[in-house]
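Try each task before reading its solution.

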Amino acid sequence: MEACFAAFDKDEDGSININEFSALCKALFRNEKGKPYKLDSQQVSDLFMIFNTSGDGSMSKQEFVYCWNGWIKKIVRPQSALVVVDVQNDFISGSLALHRPVIEAAEEQDNLETRDAALYIQPRMLDTVPFDMHCYSLDWHPKDHISFIENVGIRTLAADSPIQDGGKCNLYDLVIFEGPPKTSQILWPAHCIQESWGAELHKDLKVHPNAKTVFKGVNPQLDSYSAFYDNQKLSKTILDELIRKEGVSDLYICGIATDVCVASTAFHALELGFRTALVSDASRGINLENINAAYNRIKEEHGVIVNSTEVKAMVQGRDRRPELGYKLALECRKNITYPAKNKNSKYNKQITNNDGNMNGNETISNPPQLVRA
Ligand SMILES: [Zn+2]
């Protein structure tokens with residue numbers, strides 16, 4: 001820490017100014033060949049204001065300590081998990097298999113079939129990338145699950161459902177069930193029924209011996225695309241807890257289908273504060289337009305779309321993406337209480353009084369988190 005501070009405090013005034021911080025960012029955000037990534041000055045300024053807590057325009061050594069522990073160290077030595085979503089028989093060769101030409105989208109990336117993407121690329125990552133954790137999600141539905149077209153008749157359609165006659169539904173139609181809870185639902189063929197062959201992970205999928213397994217879609221009344229929450233966010237799986245227990249900050253998400261369960265998992269990962277990468281060539285999707293929309297949303301929320309060949313250098317901290325650094329800084333911001341002078345003071349956490357009223361003058365002054373030595 002001391003050496004880093006001294007190295008970038010070029011004018012030796014005992015603090016880091018914006019120009020010195022800009023040089024630090026240039027050194028920090030590089031690809032594996034050592035080439036700096038482009039950072040626009042607004043982003044550098046945003047980052048500076050997050051860590052120049054006082055807002056006085058110069059980062060003191062005390063402020064730098066948090067920047068070092070909460071940000072720089074995590075970027076240089078990330079803790080990473082591979083999250084493999086729903087690589088199950090039914091999605092590969094069973095009732096909901098993604099066959100060509102449905103997955104023409106994949107052609108843009110490579111020529112591998114769904115089966116190969118899941119069963120070749122993912123194991124290759126497993127063999128070559130030193131992930132700190134491995135997680136596998138399984139779609140795991142009871143027989144009477146709400147998402148099955150075969151079950152449309154066992155629930156009441158809502159008055160505003162676009163289709164009123166359950167007998168006239170086609171696959172992939174959207175209906176609204178009365179509930180409770182009232183639920184918009186796309187109708188899929190029965191798939192991934194608990195304990196069935198279709199719900200098993202594909203036999204050729206290489207599963208890490210210490211892998212964690214997460215079951216989703218287990219409630220008959222709720223569908224669950226994401227491996228974190230059901231589609232209505234009424235319940236949460238154990239995935240977030242498992243990941244946090246391991247101190248993991250970076251998630252590499254892949255599997256089936258890119259534009260459905262993989263994308264939903266990535267959106268929630270970002271929402272939960274993880275640095276998130278979707279591994280595109282180890283995933284397969286259904287609809288190109290939806291895939292691109294998912295990619296765009298992930299990028300807008302400071303996640304990245306990567307190829308499996310890029311993952312190793314990122315996990316090893318040799319390829320350090322500015323997008324993920326920015327995301328982590330936004331997470332750091334949540335734990336800092338700023339004086340009014342710093343424009344980030346508008347993000348200060350507000351606490352409620354016992355009577356439940358917000359008191360804007362009080363803030364929770366969490367000490368900056370100093371984790372992972
Ligand atoms: Zn399902």
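**Exercise 1. Find which residues of helix 3 are exposed and which are buried.**

Start with the exposed side: Ser41 and Gln42 are exposed there. Helices (H or I, at least four residues) and strands (E, at least two) are DSSP runs, numbered from the N terminus.

Next, list the buried residues of helix 3 (residues 41-51): Val44, Leu47, Phe48, Ile50 and Phe51. These residues lie on the same side of helix 3 because they cover an arc of only 160° around the axis, the arc being that of the directions from the helix axis to the C-beta atoms. An α-helix has 3.6 residues a turn, so residues three or four places apart point the same way.

Finally, look at the cover: helix 2 (18-28), strand 2 (58-60), helix 4 (61-76) and helix 11 (322-333) are among the elements over the buried residues of helix 3.

A word on conventions: residues are numbered from 1 along each chain as its sequence is written. The model is predicted, so local features need pLDDT of at least 70 and side-chain atom pairs count only at pLDDT 80 or more, while totals for chains, interfaces and linings use all residues.

**Exercise 2. Describe how helix 8 packs with helix 9.**

First, take the geometry: helix 8 (residues 258-271) and helix 9 (residues 288-300) have axes 10 Å apart, at an angle of about 10°. That makes the two helices roughly parallel, a label for angles under 35 degrees.

Then pick out the contact residues (C-beta atoms within 7 Å). Helix 8 contributes Thr258, Asp259, Ala263, Ala266, Phe267 and Leu270, and helix 9 contributes Asn290, Ile291, Ala294, Arg297 and Ile298.

**Exercise 3. Where is Thr276, and what does Thr276 touch?**

Locate Thr276 in strand 9 (residues 275-284). Thr276 counts as buried because 27 C-beta neighbours fall inside 10 Å. Leaving out residues up to four places away in sequence, Thr276 touches Leu251, Ile253, Ala266, Ala269, Leu270, Ile298 and Gly303.

**Exercise 4. Which stretches call for caution?**

Begin with the average pLDDT, the predictor's confidence in each residue from 0 to 100: the protein chain averages 88. Now note that pLDDT is below 50 over residues 100-109 and stays under 50 over residues 352-373. Where pLDDT is low, the predicted coordinates should not be read in detail.

Conventions
A residue is buried if 20 or more other C-beta atoms lie within 10 Å of its own, exposed if 12 or fewer, and partly exposed in between; C-beta atoms are placed from the backbone. Two residues are in contact if their C-beta atoms, placed from the backbone, lie within 7 Å. Axes are lines fitted to C-alpha atoms, for helices over the stretch in contact, and angles run from 0 to 180 degrees between N-to-C directions. Angles under 35 degrees count as roughly parallel, over 145 as roughly antiparallel, 65 to 115 as roughly perpendicular and the rest as oblique.
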